[in-house]
Amino acid sequence: MSLSFVAAAPRRRFPIIAPTLVVLLGLLVSGCGINRIPTYEEQAKAKWAEVENQYQRRSDLIPNLVETVKGYARQEREVLEAVTAARSRATSIQATPDLINNPDAFKKFQDAQLALTGALSRLLAVSERYPDLKSNQNFIALQAQLEGTENRIAVARRDYIEAVRIYNTELKTYPGIWWAKLLYANNKPMAEFTVAEDVRRTPQVKF
Amino acid sequence: MRALQHLRLAALALVAMLALALPAAAQTFPTLSGRVVDDARVLSAETREALTARLAALEARNSDQVVVATVRSLEGHTIEDYANRLFRRWGLGQAAKNNGVLLLIAPNDRRVRIEVGYGLEGMLPDAVAKLIIENDLIPALRAGRFDRAASVGVDDITRALTGGAADWQQRTRAAPQTANAHTQDLREAGEHRR
């Protein structure tokens with residue numbers, strides 16, 4: 001047993017060195033930031049997916065909300081129609097992943113969502129005038145879900161903004177600039193939100 | 001000359017990064033010293049002890065990690081924003097399950113919030129959290145009864161996260177879009193509280 005081990009040892013030395021070298025080289029290369037651009041890009045894309053996800057969730061809540069409000073405040077037709085129209089405009093913009101690389105399309109998406117935020121806030125403001133609607137359990141639940149979704153949108157946007165900042169910074173600073181020129185010539189800075197949507201639709205409850 | 005220009009650019013980038021990092025760093029958070037963090041000093045020692053024991057029991061039971069915190073100031077942030085950042089800073093819940101809940105009270109800003117980890121949104125949905133806040137927490141807080149608010153808040157959250165609420169949780173998950181399910185959920189949520 002031991003004899004065969006000794007005999008095998010010299011033959012093994014070289015095959016061990018080669019993988020070690022590869023691993024070392026790999027560590028060296030990954031340590032100098034070659035992977036950072038694609039990594040940050042993927043992270044930013046994932047954060048964007050979450051933004052889309054939350055906007056979609058908001059959009060899904062609206063038909064139910066509109067129906068509920070109609071049951072109590074049919075005369076607010078203008079406000080109700082504005083919400084429905086804003087929703088269909090917002091959903092007509094396909095939120096594809098490459099939206100973030102197209103500043104014009106991104107701005108359109110952003111504007112449409114902002115318009116929907118405005119229309120929704122008017123609807124909720126109008127709802128305050130109808131006590132029966134305000135005490136309707138379905139309406140209360142929808143309103144809570146909508147508020148929750150607005151909060152999640154805010155969080156998702158914040159995370160996206162941060163991820164894009166890191167990614168864009170990597171593209172514009174060293175050593176990222178070199179890697180971008182060498183390997184990632186197609187990587188462009190991602191679009192950022194230009195309008196703050198921190199405007200709270202519903203006044204926060206104070207105690 | 002070119003090298004100098006690059007150096008200047010790099011220096012500028014560094015300054016810009018520092019400038020961006022500063023406001024983020026300026027926000028201070030209380031340290032997570034236990035399951036009840038009474039930074040605003042509005043809770044009695046008995047309440048802190050009792051709640052700590054109950055929350056430890058809850059975590060032992062179903063691994064959900066609930067923390068009660070009072071803060072002196074939201075430092076200009078909205079409570080939603082502050083609560084979310086604090087929740088993340090503290091890393092509440094198990095990473096794989098995201099099963100943490102933060103009951104945050106800001107007495108000086110007169111705000112309250114229940115921040116729920118993604119993994120528990122099904123058990124403690126927005127509508128239930130809102131009901132807990134409006135029906136139970138706000139009346140107690142308006143009366144300045146912080147011990148009562150924290151205690152009743154923990155009661156309600158525990159009930160939502162454990163068996164007492166199982167029936168309506170199930171319905172919430174089964175049919176979140178139907179009007180009747182919501183009505184039912186809320187009515188029963190109301191009954192549970194009484």
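Q: What is the order of the four strands in the open sheet of chain B, and what kind of pairing do they have?

A: As a general idea, the strands of a sheet pair through backbone hydrogen bonds, either parallel or antiparallel. In this predicted model, the open sheet of chain B has the order β1-β2-β3-β4, and its pairing is mixed. The strands β1 (36-38) and β4 of chain B stand at the edges with a single partner strand each, so one side of each has no neighbour in the sheet. On average, neighbouring strands of this sheet are turned by 10 degrees against each other, if direction is ignored.

Q: How many bridges join β3(B) to β4(B), and do these strands run parallel or antiparallel?

A: The strands β3(B) and β4(B) run antiparallel and are joined by six bridges. To see the pairing at the level of residues, look at B:Ala106, which stands opposite B:Arg111 in β4(B).

Q: Which helix packs on the sheet, and which strands does that helix touch?

A: Helix α3 (residues 79-90) of chain B packs on the sheet, where it touches β1, β2, β3 and β4 of chain B, and its direction makes about 135 degrees with that of β3(B).

Q: How many residues of α3(B) are buried, and what covers them?

A: Nine of the twelve residues of α3(B) are buried, and the helix is therefore mostly covered, since buried means under 20% relative accessible area. Among them are B:Ile79, B:Tyr82, B:Leu86, B:Phe87 and B:Trp90, but B:Glu80, B:Asp81 and B:Asn84 are buried as well. The cover includes α6 (137-172) of chain A, together with β1, β2, β3 and β4 of chain B.

Q: Which residues have the most contacts inside the largest nonpolar core?

A: In soluble globular proteins, nonpolar side chains tend to be buried together. Here the largest nonpolar core has 33 residues, and those with the most contacts inside it are B:Val101, B:Val112, B:Ile114, B:Leu124, B:Leu137 and B:Leu161. At least two residues of this core come from each of α2 (45-62), β2 (65-70), β3 (100-106), β4 (111-116), α4 (126-142) and α5 of chain B. If we leave aside neighbours within four places in sequence, B:Leu137 is in contact with B:Leu103, B:Val112, B:Ile114, B:Ile132, B:Ala149, B:Val152 and B:Gly153. Helix α5 (residues 146-161) of chain B has 16 residues and reaches 22 Å from its first C-alpha to its last, close to the 22 Å expected. Its buried residues include B:Ala149, B:Val152, B:Gly153 and B:Leu161.

Q: How many helices and strands are there in chain A?

A: Chain A has seven helices and zero strands, and buried residues make up 41% of its 207 residues. Among contacts in chain A between residues at least 6 apart in sequence, 80% join residues at least 24 apart.

Q: Is A:Lys188 buried or exposed, and which residues does A:Lys188 touch?

A: A:Lys188, found in the segment after α7 (176-182) of chain A, is exposed because its relative accessible area of 52% lies over the 50% cut-off. Not counting residues up to four places away in sequence, A:Lys188 touches A:Asn101, A:Tyr167 and A:Leu171.

Key. Residues numbered from 1 in each chain as written. Chains lettered and ligands numbered in written order. Predicted model: local features only at pLDDT ≥ 70, side-chain atom pairs only at ≥ 80, totals over all residues. Heavy atoms only, no water. Expected span 1.5 Å × (residues − 1). Buried < 20%, exposed > 50% of the residue type's maximum accessible area, 1.4 Å probe, protein only. Core = buried A, V, L, I, M, F, W, Y, C linked by side-chain atoms within 4.5 Å. Contact = heavy atoms within 4.5 Å. Pairing = 2+ DSSP bridges. Axes fitted to C-alpha atoms, helices over the stretch in contact; angles between N-to-C directions.
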